[in-house]
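Visitor: I am new to this structure. Please show me how to read it, one feature at a time.

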Amino acid sequence: MVQTDKPDAIAMLKADHRKVEELFASFEKARGAERKQAIAKQICTELIVHTIIEEEIFYPACKGAVEEDLIDEAYVEHDGAKVLIAEILGSEPNEEFYDAKVKVLSEQIEHHVEEEEKRVEGMFSQARKAGLDMDALGEQMAMRKQQALAEYEKNGLPAPETRTFTGHELEEGAPVDDEPTARVGDSEGVRPAS
Ligand SMILES: [Fe+2]
Ligand SMILES: [Fe+2]
């Protein structure tokens with residue numbers, strides 16, 4: 001009997017990637033704070049769940065089958081994205097830099113997805129070549145995904161959990177000044193009007 005209900009792990013992760021790319025495209029076209037915030041929340045939810053199933057199930061299974069550096073970098077890239085996800089979830093579309101944060105997150109994700117999906121040397125290719133059981137992994141990930149989504153439905157989205165960033169404190173500096181003070185390359189700076 002053909003098992004159609006068991007998702008292949010890589011097909012499942014790629015489908016998540018495509019979904020999030022579509023959401024980023026919708027965000028770019030969206031107008032109005034409410035609509036933007038709704039899409040941004042969807043993006044963050046998708047990414048939080050996706051990082052969980054990769055970090056808890058897929059990446060550990062890749063250990064020994066995929067180049068170690070590639071896996072380490074993937075964890076760090078996830079943590080980098082989580083910083084922006086937390087920023088976006090904690091702010092409103094009418095705040096300064098909101099759109100920029102979503103845009104930069106999309107660029108970071110684009111790079112990360114490329115590292116996972118790249119032909120031959122990408123993480124998924126290496127994992128497939130090593131003969132990982134993609135049906136079993138897909139099944140585990142699908143179950144974990146359902147569980148996480150049900151939990152968020154009930155209790156709201158959690159703060160993303162980092163796995164490689166060790167929580168160094170960041171200082172919030174003064175707000176960016178819109179007034180030009182000195183131009184780059186202009187060693188004398190801006191001269192007072194005479
Ligand atoms: Fe991924
Ligand atoms: Fe990933």
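**Reading the helices**

Guide: H2 passes H6 in a right-handed crossing. A crossing is right-handed if the near helix is turned clockwise from the far one by less than a right angle, and left-handed if anticlockwise. Helices (H or I, at least four residues) and strands (E, at least two) are DSSP runs, numbered from the N terminus. This is a predicted model: local features need pLDDT of at least 70, side-chain atom pairs count only at pLDDT 80 or more, and totals for chains, interfaces and linings use all residues. Residues are numbered from 1 along each chain as its sequence is written, and chains are lettered from A and ligands numbered from 1 in the order in which they are written.

Visitor: How many helices and strands does the chain have?

Guide: There are 6 helices and 0 strands.

Visitor: At what angle do the axes of H2 and H6 cross?

Guide: Two packed helices are described by the angle and the distance between their axes. Here, the axes of H2 (residues 33–62) and H6 (residues 134–155) cross at roughly 145° and come within 10 Å. Axes are lines fitted to C-alpha atoms, for helices over the stretch in contact, and angles run from 0 to 180 degrees between N-to-C directions.

Visitor: Which residues of H2 and H6 meet?

Guide: Contact means C-beta atoms, placed from the backbone, within 7 Å. Among those in H2 are Val49, Ile53 and Phe58; H6 brings residues including Met141, Ala148 and Tyr152.

Visitor: Which residues of H4 are buried?

Guide: Count the other C-beta atoms, placed from the backbone, within 10 Å of a residue's own: 20 or more is buried, 12 or fewer exposed, in between partly exposed. In H4 (residues 98–117), the buried residues are Val102, Leu105, Ile109, His112 and Glu116. They share one side of H4, because they cover an arc of only 90° around the axis. That arc is of the directions from the helix axis to the C-beta atoms. The face turned away from the buried side carries the exposed residues Ala100, Glu107, His111 and Glu114. The cover over the buried residues of H4 includes H1, H2, H3 and H5.

Visitor: Where is phenylalanine 97 found?

Guide: In the loop between H3 and H4. Most residues other than glycine have a negative phi. Phenylalanine 97 has a positive phi of about 75°. It counts as partly exposed, with 13 C-beta neighbours inside 10 Å.

Visitor: Is valine 120 buried or exposed?

Guide: Valine 120 counts as exposed, because it has 7 C-beta neighbours inside 10 Å. Valine 120 lies in the loop between H4 and H5. Its phi is positive, near 65°.

Key. Two residues are in contact if their C-beta atoms, placed from the backbone, lie within 7 Å. The expected span of a helix is 1.5 Å times one less than its number of residues.
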